[in-house]
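Work through the exercises below with the sequence and the model in view. Try each task before reading its solution.

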Amino acid sequence: MRARGEIDMDKFSRLFDLNRYLDDVEVCFSINGEVEQDAYYLSESICSRIICIGNAYKLHYVPMIDIYGDIKLNKTQVLSLIEELLFIKSIINDEVIEHFVPLIIKLLEEITHSKDEKLLWIMGN
């Protein structure tokens, strides 16, 4: 029997199972709209989780992500988005976010390190 106020984490373990998100509808993070290459696909559910955290902390760029629409960000905006994602990763104890945020940041850094003026396209469904 659990003490009052204790949580049965096994009850929620499915939320942290990475395989749960494999068949989910995806949001595309892309350099200049290239969907075949230079793109990263993130589960809509995980993207929504990140957006909700961004809203809770009143961040600027993370809440702009639209899982149903498209947005474009320039290099300066992408730098700010990276900072916000790193902030979320640092304050949240979530294995799913720990796994996926660095993968998104890797793509975003390609834009920030480019000498060309590349854009981040985030394309929802």
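## Exercise 1: Arg49

Arg49 counts as buried, at 18% relative accessibility (buried means under 20% relative accessible area, exposed over 50%, partly exposed in between, with a 1.4 Å probe and protein chains only). The model is a predicted one, in which local features need pLDDT of at least 70 and side-chain atom pairs count only at pLDDT 80 or more, while totals for chains, interfaces and linings use all residues. Residues are numbered from 1 along each chain as its sequence is written, and side-chain values use heavy atoms, with hydrogens and water left out.

Task: state which element holds Arg49 and which residues Arg49 touches, not counting residues up to four places away in sequence.

Solution. 
1. Arg49 belongs to helix H1 (helices are DSSP runs of H or I with at least four residues, strands are runs of E with at least two, and both are numbered from the N terminus).
2. Beyond four places in sequence, Arg49 touches Leu15, Phe16, Tyr21, Asp94, Val96 and Ile97 (contact means heavy atoms within 4.5 Å).

## Exercise 2: helix H1

Task: check the span of H1 (residues 44–56) against 1.5 Å a residue, then find what its buried residues pack against.

Solution. 
1. The expected span is 1.5 Å times one less than the number of residues.
2. For the 13 residues of H1 this gives 18 Å, and the end C-alpha atoms are 18 Å apart, so the two agree.
3. The buried residues of H1 include Ile46, Cys47, Ile50 and Ile53.
4. The buried residues of H1 pack against strand S1 (26–31), S2, helix H2 (75–91) and helix H3 (95–113).
5. Just after H1, Lys58 has a positive phi of about 55°.

## Exercise 3: Ser43

Solution. 
1. Ser43 is buried, at 6% relative accessibility.
2. Its side chain makes a polar contact of 2.5 Å with the side chain of Asp24 (a pair of N or O atoms within 3.5 Å; within protein, one must be able to donate a hydrogen and the other to accept it, and residues adjacent in sequence count only if both atoms are side-chain atoms).
3. Ser43 also caps the N-terminal end of H1, with a side-chain oxygen 3.2 Å from the backbone nitrogen of Ser45.

## Exercise 4: cysteines

How many disulfides does the structure hold?

Solution. 
1. A disulfide is a pair of cysteine sulfur atoms within 2.5 Å.
2. The structure holds zero disulfides.
3. For Cys28, the nearest cysteine sulfur is that of Cys47, 11 Å away.
4. For Cys52, the nearest is also that of Cys47, 10 Å away.
5. Cys28 is buried at 5% relative accessible area, whereas Cys52 is exposed at 52%.
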